[in-house]
Structure formats: C-alpha cells, structure tokens
Amino acid sequence: MKKLNHIKSCLLLVWLAAAAFMQPGCKKDATSSSKGTPVITSIRNYVAHPGDSLLSSVGTGQWVVISGKNLKGALAINFDGVKGSFNDAWFSDTSAIALIPAVIAFPTVPSDKLNTIQYITNHGQTTFSFPIVAPAPTITGVSNEDANPGDSVKINGLSFFFVKSVIYGGINITSFKSSNDGTSISLAVPAGITQTGGIVSVETKSGKAATVYSIHNLVNGVIE
C-alpha cells in the first residue's frame, strides 16, 4: 500500500510539473495571438498601374487597397462616415481591399467625417485623413423634355454635388435644388426658351456633364 501511495505521489508531482511548464507557454501563445491597434499608412489602386500605384485621392464607387498593419479582423470600414463593402477573408495584417460606397451625400457629411477613412476592428480602430472626392456629374435624362414654362422638372443623373451652374434648354438657371443623394436637380422651366430649345448641362466642382441633344426642340422634333 505504501508503495502504491508513493507511485501516486510521484505521478501527481510529474503532472504538477508538466502543468507548471505548460502554463507560461499558454500565456505566451495568448500574447502572440493578440492584435494591436490598426494603422493605415497609404491607399493604393486595387489594380496597380506601373509606377503609379499610390493614390492621392479617391472617388465614390472605387475599389482600393488599404495598406498598413494590424488590419485583420475588420468589422467596418467607413468612408466619410458611410460604410464601404469588404470581405475580411481577403485581408492580411498589412493589406485590405474595400469598395468605397457608390453614393456619399457629401453636403450632409459632418465636417469631422469629411475626407476620412475610419477602420474598425475587433481589437481597436483608427481614423485616416484622406481626400474623398465626388466624381464628375452624369446626366441620365430629364423628367419632361417638353414641359411648359413654370412647370417643375427634374434633371436626373449622378454626382450632382457642389453644383456651380445649371443650363436648361440653353438658359442659365439661377434657382434650383439638388437632392441630398446627388441623383437629381429640381427646377422650374424658365420662360424664354426658343422653339429650337437647347442643351442641358450641369457643372460641379468635379467636372461638367451635358446632353448631346436639345430639349424643347419644337422645330426639329416635328414630324413632317
């Protein structure tokens, strides 16, 4: 019996020694698997151009590569406060691929969120200052190309942000309203449009768009 108890005591000591030996290793593993606060160092083209992969600004609807460290474990990537699309399975600790939202309502973005990329992970977050600009406008159509003077019409399109001028039927419009999402401009048809009408154009800080046809064209539009 004494011999059996002695064996049990030895086994217990061996087990305790093994547990004590393994414990520091477990702590070390836990420490090495922890993540630091994410850091963004640069923004690159998703498809890099030779010798010109780094970007100095980005636009809406654009795929980008975010470079830095501790980028794995992303929960949200916000551009000007608007959530971008991504798949964290594609990420490494030093590189992340994200799609900037197609629509950012720039005039409604709080000043502290303008030109920022907010990167949120399960182990911290960071905010990176970077120019996010509205692309050049696009005109897709006019709600009523033959409306009467004084009637309300809409110019439909994309990126009608920070509008500098609107030409409707060849006439400069001084009173108009852009939608918050930048997809339309509302105005009243001006008096004085001629029978041959004129083009529609919208100029913003980012560029200019114009129709290739004339609206209110009562001459060339008549079937003889």
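1. Contact here means heavy atoms within 4.5 Å. On that basis, and leaving aside neighbours within four places in sequence, valine 58 is in contact with Ile43, Val64, Ile100, Phe130, Pro131, Ile132 and Val133. The model is a predicted one.

2. Confidence comes next. The chain has a mean pLDDT of 84, and 80% of its residues reach 70 or more. Where pLDDT is low, the predicted coordinates should not be read in detail.

3. As for overall make-up, the chain contains one helix and 18 strands. Of its 224 residues, 34% are buried. Among contacts in the chain with a separation of 6 or more, 57% are between residues 24 or more positions apart.

4. Isoleucine 66 stands opposite alanine 96 in S7.

5. Which residues touch the most other members of the largest nonpolar core? They are Ile43, Val58, Ile66, Ile77, Phe79, Ile117 and Tyr119, out of 24 residues in that core. S1, S3, S4, S7 and S8 each supply at least two of the core's residues. The largest share, three residues, comes from S4. Valine 58 from point 1 is one of the residues listed here, and so is its contact Ile43. A second, separate core has 16 residues, including Phe160, Tyr168, Ile185 and Ala209.

6. How many salt bridges does the count give? The count comes to one. Lysine 72 forms a salt bridge with aspartate 88, and the closest N and O atoms are 3.8 Å apart. The pair links distant parts of the chain: lysine 72 is in the loop between S3 and S4 (74-79), while aspartate 88 is in the loop between S6 and S7, 16 residues apart. Side chains of opposite charge can pair when their charged atoms come close. Is lysine 72 buried or partly exposed? Lysine 72 counts as partly exposed because its relative accessibility is 26%, and the partly exposed class lies between under 20% (buried) and over 50% (exposed).

7. Glutamine 118 lies in strand S8 (residues 116-121). Its side chain makes a polar contact with the side chain of glutamine 125, at 3.0 Å. Leaving aside neighbours within four places in sequence, glutamine 118 is in contact with Ala76, Ile77, Asn78, Gln125, Thr126 and Thr127.

8. Strand S16 (residues 184-188) has two partners to note. Five bridges join S16 to S12 (residues 152-158), and these strands run antiparallel. Two bridges join S16 to S15 (residues 177-178), again antiparallel. Serine 186 in S16 is the bridge partner of lysine 154 and also of lysine 177. The hairpin of S15 and S16 has five residues between the strands, and in this hairpin glycine 182 takes a positive phi near 70°.

Conventions. Residues are numbered from 1 along each chain as its sequence is written. Side-chain values use heavy atoms; hydrogens and water are left out. Two strands pair if DSSP finds at least two bridges between them. Helices (H or I, at least four residues) and strands (E, at least two) are DSSP runs, numbered from the N terminus. pLDDT is the predictor's confidence in each residue, from 0 to 100. A polar contact is a pair of N or O atoms within 3.5 Å; within protein, one must be able to donate a hydrogen and the other to accept it, and residues adjacent in sequence count only if both atoms are side-chain atoms. A salt bridge is a side-chain nitrogen of Lys or Arg within 4 Å of a carboxyl oxygen of Asp or Glu. Buried means under 20% relative accessible area, exposed over 50%, partly exposed in between (1.4 Å probe, protein chains only). A nonpolar core is a set of buried Ala, Val, Leu, Ile, Met, Phe, Trp, Tyr and Cys residues joined through side-chain atoms within 4.5 Å.
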